[in-house]
Structures are given as C-alpha cells and as structure tokens.
Amino acid sequence: MSGGYTGKMLIIDLNKCTTAVENTDITAAKSFIGAKGLGAKILFDRLPKGTDPLSPENILMFTTGPLTGTRAQTSGRGTVVTKSPQTGLFLDSHFGGIFAAEMKKAGWDFIIIHGRSKSPIYIVIKDDIVEFKDASMIWDEECFEMHNRLQRNEGPVKTAVIGPAGINLVKFSAITIDGHRHAGRGGSGAVMGSKNLKAVAVSGSGKIPLHKTDEFQKQASDVLKRIQENDFVPVRRKYGTSYWVKIINDEGFIPTRNYQEGFFEHGEKINAETMQKKIVDGSGACYNCVIACWNKSSIKSGPYRGVSLIGPEYETLALMGSNLGISSIEDVAYLNSRCNELGMDTISLGGVLGFAIEAYEKGILTIDDLNFNNIGWGLTEELSKLIDDIAYRRGKAGEILAEGVKIAAEKLKNNAEKFSVHVKGMEIPGYDPRGTFGMGLAYATSDRGGCHQRAWTVKAELYDPELERFSFKNKAKIVKDAQDERAAFFSLVLCDFAPISEQDCVDMLNLATGFDHTVDSYLLAGERIWNLIRLFNLREGLNTADDKLPSRFFDDPFTVGPAKDVVLSRKEFQQSLEEYYSIRGWNSKGIPTVKKLKELGLTNYIKSTS
Ligand code: SF4
C-alpha cells in the first residue's frame, strides 16, 4: 500500500441503504492523482452514458486527494464529483473546511453514493461505522441550522448538508460544508436532494499514511515557510478576495446590471475597504491553512442588523452587488447570507437575479409571474423575496428561474437568450471577458461551463507587458497550460489561493505516496485528466458549437468606464478557439485525436470518440 491514500472507498447504495468497501486503485491514482482526476475516471467508467443527473443512477462522490488531511498547507480541501443537473456535463466542485480531512481520517479516500432512498435520510459515518438516520422531520431545514443540529445530535462531526434549494432540486443548489464552506457550482445540492439525502456527517480517528513521514513533514514545513514569506499572503489574509472589487471596477469589467456594463458607479460602497470598515470582525481558516482568508462578518446597522456570515467574497460582491445594482455592503452581505442558508451558489444566483430584473424591465417576465413582487436594480427586499421563491420554486418566476438562465431564457422566449449570460448552462463569474479577452476563451473551453477557476488569466492579462488584454493573441496556450496545471492541482487537492510551486506539489506528492512523478509527468497527468473529462462531456452530448460565449459579449459594447466601446469579435474568438484545439491536439471539431489519446495513455477510451 502506497502512502497518501487510505486505500479504501466507501460505496453507499441508497436504494437499499447498504454499504460496501472497495480498494482504491493505486495504479490509476498514479495517473489521475486523486480528487478531481480519479473522480473523473470513476465517473466515466461507472456512469452509464446518458444518465439523467437527477435520477437514482447518477453517482455522487465526495473525493479527497493524496495530500488531503496531511500537514501540507490548505490540505483540508475536498471535491464533489458528479454529473451536473445544470449543464448535463462533468462536474467537480471543490470545497474547504475540515470535512474532507475528517473523511480521510475516518479511512475513506472516496465516498461514492448512488441510488435513491425511499424517504429522506442523513448518513453518519464514524470511522468504519455507517448509520442511516431518518430526516423526514428536518428535510427542509436551512443549512446552518442543519449543521448545528448534526453537531448537537451526533457529536463533533464534520458536515455536508443541503438546504431548501437542494431539496427542491434548484439547478444551482450547493452542498454546504461545515456550516460555512460550499461545493457551490453546478448543482451538486440538487443531486443530493434527488437522492433523498439531507446530509452526510463524518468523524475519523485514524492517521493519514505517508510514504516517507519525516521527509514529508520537513517538505511541508519548508512550503509553509515559503507561503509565510510570500508578499501577497498578508493581503489575502486581510481581505479574502474582496480586494479585487476595486481593481476590476477600476479596470472597467466588473459585471454590472446583468453584464450590461463593466463599471459600477457605486463600486467604492461594496469594496474591500468599506467591507473592512463596516462589517468585518476578524478572520478564520480552513483546516491547516496559515493564509486564513475568511472574513468573519456581521451586519451592525440597518434592517439586517445582527446577521452574521463568512464573506462576502469577490464573486459574491460582483454578482450580488454590482450585477444587481446594489450599493450597500450590508445589503450584499444579507443577500449572501440568505443564499447560504437556503443553499445556493452565489455566482449563479447573482446571474439569475440579474437576468430576471432585465427580463422584467423588458416585459418578458411579468408582475403576475413574480407574484406581484416589483423587482429592480438595487431593490434588496424584493430580490430577497425572489431568492426565497427560487429556493422553494414558488410561483411561475420561482419555478422558471430555479432552472438557471439558460433554461429560463428558453422558456421565456422573446429573444431572452440575447441577455442570458452563461456558458453551457452555467452562469459566469465576476470577470467580464470584454475586459480581458483570455477569460472569454477560458470560459468557453472550461470543462464544467462558465467557470473562472480552470484558467484565470486576469492577472497576467492586466499586468504582463507581453500580453494585450483586449486581444485574443497568445491566449490559447496560456489557457491550455493553466487548465492542465489546475487539473493536476485540484486532484492533490489543494486550495486555489495557495501560492505553492509545481515543484513543491510534486515533491509533496512523491513523499506522501512513493510515486516518482516529475513536474512534467505531473502536468501530463493534468492534461490526461482534462482530456478524459472532454471525452466524458462529448459522450454526454457536448459538441463544438457549445464552446461558445453569450451573444452580449459580442453585440453590446460597454458604454462607460475604462473599457468603453470594447466588444469581442466573433471572428477573432473563433480563430483563438481553433488555435486552442490545435495546441491541445484536438481535431477541428474539438475531439481529442487518437494520437493525443495514445500519448496520454488513454487508449482504453479511444472507442468513446467514435
Ligand atoms: S486560503 Fe482561504 S479558502 Fe483556501 S484553504 Fe485557506 S482559509 Fe480556506
């Protein structure tokens, strides 16, 4: 048995409420590393083609990587892997907290759940003891309340729960981890809800096996020292990600009023300094993280006085602040907290609400549809009511909007798709690609839809003198390399925000597992994972035409701010996409070639391309 992995996976069949144990495939783990990558392989191998994501047959996995729960910094991360009900494609949704480390200490590399319980339940896992408990009376409890209940009733467990949005199968519902962290994107909460599974609680008393314990601990200490010396870490610790509000607004590409503009005239009212002055009380951290980027906040005045939360982060400030025309930090924090309690992804919800306001202004959504709720830009109370309607699928608007902007636009017709901002059904985050064109290619080619975490080119495009931000030139290679690197990194699995070099990642991986990866073979594993997921998505119906961007980014130039008049060119975007396919070794239809699959050791999957 190699170190790094516990060597065991817990298989849960909810149809019969039974469990089984399987060995972790360590040979596959060397090629696919863990969390995202090994999860993708298992999903591809075990999920029948065309499975309805909300059917009992879909597989919901909580996955860890070889560094999870170790002394490596930010090693409390874990991943939910499933087929997304929002996109119909592969989904990996990464989360912080302690849950994943605890799962590993309980002896499980992966928890693989399939089937559907006959009635609502929750699962308690204490080392290798698994219990199924009735959740009928607490089925629609909000997330934090449910987390507290589990801690009261089951002892010091770590938790993964869903709220009302998950049980009502809202397509962008989240799984809430340890009360405050989230597997936010892609609707994994709805997959859990479709299985009649309210929560998973876990506690573990074991140790994570390591190949070379002393050398690993020394390497982890050296990495810790490098993180502590990194100039950027104090900024991250003080502000979380909120400092990006000023930068992205000043550069003119923060989503504003459903991406109609990229500059918010009240940006200073929702930026990091205002947040620090008005609502932040202190910081906090996930398991084993010296960066400690959480903002512990509370609202101290106004109608929402007394509400507390961790956040808001940049994406929420953008999508539920400027994108909704909200100019009060307390109001953004309040909407963030409602979204957390109901169990939804703030990025997607912000996109959905912005779309709804614009549809209402254009007369496509009516006051009747909205249950006489007169929503508009900056109207916090009305938007709060609509948030509840969406979580509970109340009224026509609540029902339609709970499907996300893609489906909502299809149902509302009347050219609503012209202002529906999503990629492959997933609403996009807080960096309008009219501000840094590389993000357009990153969104269009992301493996899970409109996501910024696969290739975040913003910093390079703004500050690298070799790169022109308003151009697609040289972006294809940057996007491809970042996607491969992140695929490997999210398989270890560590936190996005951790400044850890590729060499340090490889050294820790080898010392933990006994593998002999080099930086090249580690990055090749990332490329292998990316290609396998592409094959999965193609198998599930993706085609080249889906690698596209919302029409707003091509048709509607900004009218204010530093990026005034900027708009993307369809021709240049297409050329960049073709360049990307070519660099990837894919054919003109975006399908990996046989040569590329052989190079990556994916020959077993060649038949899936024909
Ligand atoms: S950097 Fe922040 S989000 Fe990442 S592990 Fe540390 S505390 Fe958690």
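The model is predicted, so local features need pLDDT of at least 70 and side-chain atom pairs count only at pLDDT 80 or more, while totals for chains, interfaces and linings use all residues. Residues are numbered from 1 along each chain as its sequence is written, and side-chain values use heavy atoms, with hydrogens and water left out. Helices (H or I, at least four residues) and strands (E, at least two) are DSSP runs numbered from the N terminus.

**Helix packing**

- Two packed helices are described by the angle between their axes and the distance between the axes. Axes are lines fitted to C-alpha atoms, for helices over the stretch in contact, and angles run from 0 to 180 degrees between N-to-C directions.
- Helix α20 (residues 502-513) packs against helix α21 (residues 519-539) at about 90°, and their axes are 9 Å apart. The pair is therefore roughly perpendicular (angles under 35 degrees count as roughly parallel, over 145 as roughly antiparallel, 65 to 115 as roughly perpendicular and the rest as oblique).
- On the α20 side, the contact (heavy atoms within 4.5 Å) is made by Glu502, Gln503, Cys505, Val506 and Leu509, and on the α21 side by Val519, Tyr522 and Leu523. By class, this contact has six nonpolar, one polar and one charged residues (Ala, Val, Leu, Ile, Met, Phe, Trp, Tyr, Cys and Pro count as nonpolar, Asp, Glu, Lys and Arg as charged, and the others, Gly among them, as polar).
- Helix α2 (residues 35-46) and helix α19 (residues 475-492) meet at about 95°, with axes 5 Å apart. These two helices are therefore also roughly perpendicular to each other.
- Ala35, Lys36 and Gly37 of α2 make the contact with Ala487, Phe490 and Ser491 of α19. That set divides into three nonpolar, two polar and one charged.

**Cavity and pocket**

- Rolling a probe the size of a water molecule over the atoms shows where empty space is left. On a 1 Å grid over the protein atoms alone, a cavity is a set of points where a 1.4 Å probe fits but cannot get out, and a pocket is an open set with protein on both sides within 12 Å along at least five of seven lines; lining residues have an atom within 4 Å of a point. Grid points are joined across faces, edges and corners, and a volume is the space filled by probe spheres set on the points.
- The structure holds one cavity of 30 Å³ or more, and the largest cavity has a volume of about 50 Å³.
- Lining the largest cavity are Lys424, Thr445, Ser446, Asp447, Trp530, Ile533, Arg534, Asn537, Leu542 and Trp586. Helix α21 gives the most to this lining, with four residues, and by class the lining has four nonpolar, three polar and three charged residues.
- The second largest pocket has a volume of about 560 Å³. It is lined by 28 residues, of which Lys406, His422, Lys424, Gly425 and Lys548 are the closest to its centre.
- Elements giving two or more residues to the lining of the second largest pocket are α16 (405-412), β16 (422-423) and α23 (570-584); α16 gives the most, with four residues. By class, the lining of this pocket has 10 nonpolar, eight polar and 10 charged residues.

**Backbone geometry**

- Most residues other than glycine have a negative phi, and most peptide bonds are trans.
- Gly311 and Pro312 are joined by a cis peptide bond with omega of about -5°. Pro312 is in the loop between β15 (308-310) and α11 (314-319).
- A cis peptide bond also joins Leu492 and Val493, with omega of about 0°. Val493 is in the loop between α19 and α20.
- Asn196, in the loop between α6 (188-194) and β12 (197-203), has a positive phi near 60°. At 17% relative accessibility, Asn196 counts as buried (buried means under 20% relative accessible area, exposed over 50%, partly exposed in between, with a 1.4 Å probe and protein chains only).
- Lys413, in the loop between α16 and β16, has a positive phi near 55°. With 56% relative accessibility, Lys413 counts as exposed.

- Arg237 is found in helix α8 (residues 233-239) and counts as partly exposed at 31% relative accessibility. Leaving aside neighbours within four places in sequence, Arg237 is in contact with Ser283, Val290, Ile291, Ala292 and Cys293.
- Asn230 is found in the loop between α7 (213-229) and α8 and counts as partly exposed at 25% relative accessibility.
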